[in-house]
Amino acid sequence: MKIPLLALSLILMPLSGNEVTTYTKAEILGDVNPAQHRGFDKLKSKYTTKADAYLRDEVYDAFKKMWKHAQKDGISLTIISATRNREYQSGIWNRKWNSFGGSEEDRANRILEYSSMPGTSRHHWGTDFDINALENEYFEQGQGLKEYEWMQAHAHKYGFFQPYTAFNNYRDAGYHEEKWHWSYYPTASRFLRAYNHLVTYDDLQNFTGWQYAEKLDVINNYVNGIEVSEKVKNN
Ligand SMILES: [Zn+2]
């Protein structure tokens, strides 16, 4: 049977589209090295304070466009943290675990105010980054406030949103507000779907206090404890 060329191309088309891209468990859990992964780009020094910062190609492209627009408006956006792998996140986690006091559960809860358990960070995905300062206060006055207001007005046009908003009726669990943390919705939303499909608590082990991952239900409360603005969804 002959299949008309047009019909054939319609059948094949979805396979080459972004919608069907799937990610490996290693990519989802932060077990890849972005320096050696072809999906990532190294950021030029004008965009970041870090010597070697990486983002996914499409995230970096969108960021560069947004950065340029911001520059024109007198706003500078500097990435201070981008992709972090699971090993790096373990370093952050263990350092805080050893420096905080209290019961183990208290420590885990306290670290989780602002830091992720290894294997649960959106920074693993190459879709998220922190800009300018790791303090909400910075973004509440002066130049920082101008930068934050600019992001609120324009970031969604480039696909970016702030996943960790202040707690509200819609978002009542998870990390505290992070005005510095921004995420690229088109790719990150696919990562989150893949995460919910593939990852279980058996995958979140091998760090101090891993037993609290399931006890505190970090997949529901933290990985999924985000708010997605309507304007980025509708963009
Ligand atoms: Zn962050």
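I call a residue buried if 20 or more other C-beta atoms lie within 10 Å of its own, exposed if 12 or fewer do, and partly exposed in between, with C-beta atoms placed from the backbone. By that rule, buried residues make up 32% of the 235 residues in the protein chain.

I note that this is a predicted model, in which local features need pLDDT of at least 70, side-chain atom pairs count only at pLDDT 80 or more, and totals for chains, interfaces and linings use all residues. Residues are numbered from 1 along each chain as its sequence is written.

**Overall form.** I looked up the secondary structure and found 10 helices and six strands, where helices (H or I, at least four residues) and strands (E, at least two) are DSSP runs numbered from the N terminus. The radius of gyration, taken over C-alpha atoms, is 19 Å, close to the 18 Å of the globule rule for 235 residues, so the protein chain is as compact as a globular protein of that length. That rule is 2.2 Å times the number of residues to the power 0.38.

Leaving aside residues up to four places away in sequence, I find A82 touching L43, T48, A53, Y54, L55 and F129, a contact being two C-beta atoms, placed from the backbone, within 7 Å.

**Helix α7.** Which residues of α7 are buried? I list Y185, T187, A188, F191, L192 and Y195. They cover an arc of only 160° around the axis, which puts them on the same side of α7; the arc is that of the directions from the helix axis to the C-beta atoms. On the face turned away from this buried side, α7 carries the exposed residues R193 and H197.

**Sheet.** In what order do the four strands of the open sheet stand? The order is β3-β4-β6-β5, with antiparallel pairing, and two strands count as paired if DSSP finds at least two bridges between them. β3 (79-81) and β5 stand at the edges with a single partner strand each, so one side of each is left without a neighbour in the sheet. Three bridges join β4 (residues 128-131) to β6 (residues 181-184), and D130 has H181 as its bridge partner in β6. Between β5 (residues 160-161) and β6 I find two bridges, with S183 in β6 as the bridge partner of F161.
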